[in-house]
Amino acid sequence: MNLSLLKPGKSGVITKIGGEGALRRHLLDMGLTPKTVVFVRRTAPLGDPVELSLRGYELTIRLSDAEQIEVEECGTNEVAGLNNCSRCGKCSGRNE
């Protein structure tokens, strides 16, 4: 599923970064790399942009950019679980 489809309050593990050229490089430079756990904090009233928590910081990206990122939904629904998730086998220890 795409990151843009992940609902606020849910977490996922990045499986693939799409896009080409400068967009792909920009997403990777912001820390959106495969095997990273992301938590969707909230979305703007019209759905764009999306606020994420990952690697100990908050990041806001456009919905069109979030559509380029494939994630696998995770069982963790808490921000605190991002660094040491033990609720599912998908993201345990991946953000260290």
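## Close-up views of the predicted model

**View 1. Asp 65 and its salt-bridge partner.** With a relative accessibility of 11%, Asp 65 counts as buried. This is a predicted model. Asp 65 forms a salt bridge with Arg 62, with 3.7 Å between the closest N and O atoms. Arg 62, at 56% relative accessibility, counts as exposed. The structure holds 4 salt bridges.

**View 2. A salt-bridge network joins Arg 41, Arg 42 and Glu 51.** The side chains of Arg 41 and Glu 51 meet at 3.3 Å, N to O. This pair links distant parts of the chain, since Arg 41 belongs to strand 2 and Glu 51 to strand 3, 10 residues apart. Arg 42 also forms a salt bridge with Glu 51, and here the closest N and O atoms are 3.0 Å apart. Glu 51 is buried, at a relative accessible area of 15%. Arg 41 is partly exposed at 36%, and Arg 42 counts as exposed at 52%.

**View 3. Strands 3 and 4 form a hairpin with 2 residues between them.** Glu 51 stands opposite Thr 60 of strand 4. Arg 55, in the turn, has a positive phi of about 50 degrees. Most residues other than glycine have a negative phi. Arg 55 counts as partly exposed, with 41% relative accessibility.

**View 4. Lys 35 is a non-glycine residue with a positive phi, about 75 degrees.** Lys 35 is placed in the loop between helix 1 (21–29) and strand 2 (37–43). Its relative accessibility is 55%, so Lys 35 counts as exposed.

**View 5. The largest nonpolar core has 18 residues.** Leu 3, Leu 32, Leu 52, Ile 61 and Ile 69 have the most contacts inside this core. Two or more residues each come from strand 1 (11–17), helix 1, strand 2, strand 3, strand 4 and strand 5 (69–73). Strand 3 gives the most, with 3 residues. Leaving aside residues up to four places away in sequence, Leu 3 touches Val 38, Val 40, Leu 52, Ile 61, Ala 66, Ile 69 and Val 71.

**View 6. Confidence along the chain.** The average pLDDT of the protein chain is 82, and 77% of the residues score at least 70. Over residues 80–84 the pLDDT is below 50; this stretch has 9 contacts in the model beyond near neighbours in sequence. Where pLDDT is low, the predicted coordinates should not be read in detail.

Terms used. Residues numbered from 1 in each chain as written. Predicted model: local features only at pLDDT ≥ 70, side-chain atom pairs only at ≥ 80, totals over all residues. Heavy atoms only, no water. Pairing = 2+ DSSP bridges. Helix = DSSP H or I, 4+ residues; strand = E, 2+ residues; numbered from the N terminus. Buried < 20%, exposed > 50% of the residue type's maximum accessible area, 1.4 Å probe, protein only. pLDDT = per-residue confidence, 0-100. Contact = heavy atoms within 4.5 Å. Core = buried A, V, L, I, M, F, W, Y, C linked by side-chain atoms within 4.5 Å.
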